[in-house]
Amino acid sequence: MYVQNKLTNMATTITHEIGTWDTFHNNGPFPTKILYETSLEEKGNMPSVTDRYNDAAAEIQRLLKAALDNHEGFRAYGSAWSLSHIAHQKDNMHFNAAMNLKKSISADELHPGTTYLQENLFLFQCGNVIKEISNFLFENGKSLKATGASNGQTIAGCVSTGVHGSALDVGAMQDSVVGINLIIGNGADDIVYLERHTKPVLNDVFANRIKARVIRNDGLFNAALVSLGSFGFIHGLVIETEDRFLLNRYVKKLDKDTALHLAQTMAFEDSDFSVPGETDADGKPNRPFHYKVFINPYVNDTEYAIEVMYKKPYHSGYPDPVPLIKTSVYRDLILLFVSIAERFKNSIPTLIKFLQSAALPPIDFQVTGTLGEIFWDAGYQGNAFACSIGVDIKDSAKALELLANLAKTEGPIPGIYAMRFVKQSKATLAFTRFPVTCMIEIDGLNWNPKTDKLISLPNFCTRIIEVFQANNISFTEHWGKNADWSFPGLVKCMYGDNAQLWQQYRCALLRKETADLFSNDFLQNIGLSEYLTDVPDGFAKSIL
Amino acid sequence: MKSAAVNYKNPFRKLCIATVLMIFLSSCYSVRVVNRDAVPEPDPLNTSGDFYKGKKVHVLDTVIRLKPQEGAFSLIEKCQSQGFYSFEYRVTFGGVLLNTVTFGRKRQVKIKYVCSKQAD
């Protein structure tokens, strides 16, 4: 059943009484009362992008008021790609993928003290998926600095959960954000635009156009960057882009010791490993843009498959890197394998070999493309789990060994391992918090053990935390992936004082009733939902 | 005698059924064309679990009747200005048979398509 709201010249919201909601990879279902779906006013009725943007903001405020009046929660989501329950809210969920306005920044909107180039700045509304942003930027001669491994997430979802690629000198998606437009309630003062005070970007002309109150405050901005969806409705993000570029992508076999040494040091320039044509004038290896290591934990390989990418200036005329024919494994076959794995744990290593051949690119594969072409559409649409643990690169080999041993001794589990590397983020709760973070990822198919002999996913997730704690390795967990989010003291253990700092900034920005509005079970599970009243003055004040 | 006849008939019948099924199944297939740079129009309620999961799907399942003087036809469908994200046509044994026995005057159409997301 659905109800449609349509007044004249307004964004339209359909109300679905759904009962349950699920993630894209079926990690639920979760009981849910209402799903809202908002569409923008037609361009022909309201040609100005700014007018339609403000019109959408008014519609969101109307929905927030309804939720506040009912003392209910409200949470927006886009593509539902997170595998944790971070996007779920039991009362009101808002599907925002149709809110996809895009706008370049005009000269009269630049702050006089900005160091950013006007041509590199764009405002993207929350529901833009990465693919449409990449297409739009390409047409403007620009590119995102980095993306995740695929392109279907919305920009608001990416930023608020810390989506990352493996760009070791660039950072995660949130690290390109220079301005955040939040809707934090239904009042006239509840549309805010956040920036860092040490790196201002846009002026009051811009803020007035989107009817926002400006707060320039580094601490608040960094806290709201990876907000877990809890600092308000993320309406739009100002992103710094760069000139479009090409990536030369190679897949190679590399002996295990060298692969792990590179993982621990990132010292590519001094390494024995080099790719023909990817060296400097003196023959020293170039530093790659991207480095990834694939590992099958059930095989004692002497070599690992690695993926390296080197950044090049853009030029046209390269062969299309997107395959003309894209095949996929029968879904029924995948389900059959999971079913076998659930009953016969000894079959899992064989299953992993099958997955490995289906999921990994062929060795000695080489291709060139833009960022958007290399990290193109994801193929798999079915059930999946993913655990992703961040550690300092110096701990990466030890952490990988611990996780592989865990799978071998207490598993097996139907997943393959990989390591990716991301530059440190300034976001208060970024899981890419180490100088260079190694994200050790375990991706596979959801399973439900039929016998006690096979460990369950929740138990496996708990054991990951216990093993890292027992070995005194500092770690983080990817907000959008599977983890034991209710593990006592987990967030404090991962982020130390930053956990409370994040909470303080949130409580400074929001009122008690709006803090409750933007809370959910996930926030309660990780212990960050409590409304703090003893927040120091100035936490939500503009400093510049 | 009767039970012997049944024993004789059963395997033969099974063989016939299996053969017919094989012909029908192998003569059913679909082809999907996807626009490389397009973004699909989303549908949060589509939980199909296949390629169409999360996408707004339009289905055409009909039989087109042509007059003797008509040799071709166009189906006019509306996607927004961004055009199609994907379309998939399905060929079935029954459809081919229908086309054959009616000398091309009746043509079964089974198409699924997804429009591109409106760009703003």
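In helix α2 of chain A, which spans residues 130–139, the buried residues are Ile130(A), Lys131(A), Glu132(A), Ile133(A), Ser134(A) and Leu137(A). The model is a predicted one. After α2(A) comes Gly141(A), with a positive phi near 75°.

Two packed helices are described by the angle between their axes and the distance between the axes. Helix α10 (residues 396–410) of chain A and helix α11 (residues 457–470) of chain A have axes that come within 11 Å and cross at roughly 130°. That angle makes α10(A) oblique to α11(A). The crossing of the two helices, α10(A) and α11(A), is right-handed. On the α10(A) side, the contact is made by Leu402(A), Leu403(A), Leu406(A) and Glu410(A); on the α11(A) side, by Arg463(A), Ile464(A) and Val467(A). Sorted by class, the contact of α10(A) with α11(A) has 5 nonpolar and 2 charged residues, and no polar ones.

Chain B holds an open sheet of 4 strands in the order β1-β3-β4-β2, with antiparallel pairing. The edges are taken by β1 (29–34) and β2 (57–65) of chain B; each has a single partner strand, so one side of each is left without a neighbour in the sheet. From one strand to the next, the twist averages 20°. Strand β3 (residues 84–91) of chain B and strand β4 (residues 106–115) of chain B run antiparallel and are joined by 5 bridges. Ser86(B) has Val114(B) in β4(B) as its bridge partner. Helix α2 (residues 93–101) of chain B lies across β3 and β4 of chain B and runs at about 135° to β4(B).

The two chains touch: 15 residues of chain B are in contact with 20 residues of chain A. On the side of chain B that touches chain A, the residues divide into 6 nonpolar, 3 polar and 6 charged.

| Site | Feature | Value |
|---|---|---|
| Gly28(A) and Pro29(A) | cis peptide bond | omega about 10° |
| Gly411(A) to Pro412(A) | cis peptide bond | omega near 10° |
| Met266(A) | positive phi | phi near 60° |
| Phe103(B) | positive phi | phi near 55° |

Pro29(A) lies in the loop between β2 (12–21) and β3 (30–39) of chain A. Pro412(A) lies in the loop between α10 and β19 (415–423) of chain A. Met266(A) is found in the loop between α6 (256–265) and β15 (290–295) of chain A, and Phe103(B) in the loop between α2 and β4 of chain B.

Phe103(B) has 9 C-beta neighbours inside 10 Å and so counts as exposed, the limit for exposed residues being 12 or fewer.

Note on methods:
Residues are numbered from 1 along each chain as its sequence is written. Chains are lettered from A and ligands numbered from 1 in the order in which they are written. This is a predicted model: local features need pLDDT of at least 70, side-chain atom pairs count only at pLDDT 80 or more; totals for chains, interfaces and linings use all residues. Axes are lines fitted to C-alpha atoms, for helices over the stretch in contact, and angles run from 0 to 180 degrees between N-to-C directions. Angles under 35 degrees count as roughly parallel, over 145 as roughly antiparallel, 65 to 115 as roughly perpendicular and the rest as oblique. A crossing is left-handed if the near helix is turned anticlockwise from the far one by less than a right angle, and right-handed if clockwise. Two residues are in contact if their C-beta atoms, placed from the backbone, lie within 7 Å. Ala, Val, Leu, Ile, Met, Phe, Trp, Tyr, Cys and Pro count as nonpolar, Asp, Glu, Lys and Arg as charged, and the others, Gly among them, as polar. A residue is buried if 20 or more other C-beta atoms lie within 10 Å of its own, exposed if 12 or fewer, and partly exposed in between; C-beta atoms are placed from the backbone. Two strands pair if DSSP finds at least two bridges between them.
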